[in-house]
Amino acid sequence: MSFRMQFMKCTLCVILYIAICFLLLKTKHSFYCMVFSNSVSFINQSDKKYLAAQQTITKPTNFEIESSKYDKMNGQSINLQESISILKQISSTCEKYNLKTPLIRRHFLYNSERKSIYCWIRKVGSTSFTKLFSDMKHRRIIHNYYREVDILAPKSLKELHHIAKDPKIFKFLIVRHPFERLVSSYRDRIEDNSKHTAQAWIYAKQIFHLTRPTLFRSNKTTGNFQEKVFTRDKRLKLIPTFKEFLLWLLQSSEQDDVHWNRYYTHCGVCNIRYNYVLKLDDYTSGQINYIFSKLGLDTNKVYLPKLEGTRGGYTNFDTTCKYFANLTQGIIFKLYERYKIDFEMYNYNLNRYIFCTNKTN
């Protein structure tokens, strides 16, 4: 009996020992889990800003997209689905082509008091919004709005990068169909010879050098190139056709003029998280009022000034189609390739412009 009792005692001791070891191991595991969890929490709290700063700004966060769905104005929800769709498309296009788009200080207008920044694009309502940002600074300028850029832009590139990362700053840009903007730029800066423009003065010579080289042959009757092409006050006497302008543009290797450069390179869209994108093609007063509300402006007292309209009226699809009538489909496809990324980012369509061409071209 004593041997049996001793055996049972030993067995109980072994079982008790195993149970105690198991409990100790379980407690140790729970302790490390707790420590690890606290460590992660500590890192998230203390280094959140730093980690966010190290991430590329190639796409809007889900939080930004989701939060924009609940923006309100005058107590009512605003339909921001189109802008949200564009923000997502910008993100995917940046990733698709692995794009790097550096920020250029002079391409932005900034208002620190109203916590807003706007990327201007020529021939996309830029004069009106420059006037608006100038008025918000109480400058009350009535002409030479392009000079406001140096005054209204961020003070330094460092400040621009800081603004780009600040989630409290409302960031927006405005676009329109690349082809309509291109026609509008040609009409305003080249074709309209009622005024002197830097673009006509600089680029007409380059265009004609490609398309009409005989103009550079001087003689006593017709004079030299300058006398044939320009008036004494530097306005065009001989205007390059739209087709000539495009032929030059498609083979030009120089840096684009701001009136016809690409949106994605001009506004650094792969390196800044925009909150809102407005498409000028079919905008509504509600969309403009939404921007006003984000700028902290009273929508009942503020209006968007319409300035410097293109001679001959606004450039819409019908007007663009008329200018495209003298082009070949080959030229249109080459133009599309030039602006392909802009087409993809902002969900613009090529198809109906192809049908504008004259079949005999």
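**Exercise 1. Is C321 buried or exposed?**

Solution. Start with the scale: buried means under 20% relative accessible area, exposed over 50%, and partly exposed in between, with a 1.4 Å probe and protein chains only. C321 has a relative accessible area of 19% and is therefore buried. The structure is a predicted model, in which local features need pLDDT of at least 70 and side-chain atom pairs count only at pLDDT 80 or more, while totals for chains, interfaces and linings use all residues. Residues are numbered from 1 along each chain as its sequence is written, and side-chain values use heavy atoms, with hydrogens and water left out.

Next, find the partner. C321 forms a disulfide with C356, the sulfur atoms being 2.1 Å apart; a disulfide is a pair of cysteine sulfur atoms within 2.5 Å. C321 sits in helix α13 (residues 317-324) and C356 in the segment after α16 (351-354), 35 residues apart. Helices (H or I, at least four residues) and strands (E, at least two) are DSSP runs, numbered from the N terminus. C356 also counts as buried, at 8% relative accessibility.

**Exercise 2. Find the disulfides of the whole structure and state how the cysteines pair.**

Solution. The search gives three disulfides.

1. C94 is bonded to C270, with 1.9 Å between the sulfur atoms. C94 belongs to helix α3 (residues 81-97) and C270 to the loop between α11 (263-266) and β6, so the pair ties together parts 176 residues apart in sequence.
2. C119 is bonded to C267, S to S 1.9 Å. Here strand β4 is linked to the loop between α11 and β6, across 148 residues. The torsion about this S-S bond is about -90°, so the disulfide of C119 and C267 is left-handed.
3. C321 is bonded to C356.

With the bonded cysteines numbered in sequence order, the pairing reads 1-4, 2-3, 5-6.

**Exercise 3. Describe the open sheet of four strands and the helices that lie across its strands.**

Solution. First take the order, which is β3-β4-β5-β6 with mixed pairing. Two strands pair if DSSP finds at least two bridges between them. The edge strands, β3 (108-111) and β6 (276-279), each pair on one side only. From one strand to the next the twist averages 20°.

Then take one pair. β5 (residues 170-175) and β6 run parallel over four bridges, and F172 stands opposite Y276 in β6.

Last come the helices. Axes are lines fitted to C-alpha atoms, for helices over the stretch in contact (heavy atoms within 4.5 Å); angles run from 0 to 180 degrees between N-to-C directions. Helix α4 (residues 126-136) lies across β3, β4 (116-119) and β5, at about 25° to β3. Helix α12 (residues 285-294) lies across β5 and β6, at about 150° to β6.

**Exercise 4. Which residue forms a salt bridge with D188, and which parts does the pair tie together?**

Solution. A salt bridge is a side-chain nitrogen of Lys or Arg within 4 Å of a carboxyl oxygen of Asp or Glu. By this rule there are twelve. The partner of D188 is K123, with the closest N and O atoms 3.3 Å apart. D188 is in helix α7 (residues 178-191) and K123 in the loop between β4 and α4, so the pair ties together parts that are 65 residues apart in sequence. D188 is buried at 6% relative accessible area, and K123 at 15%.
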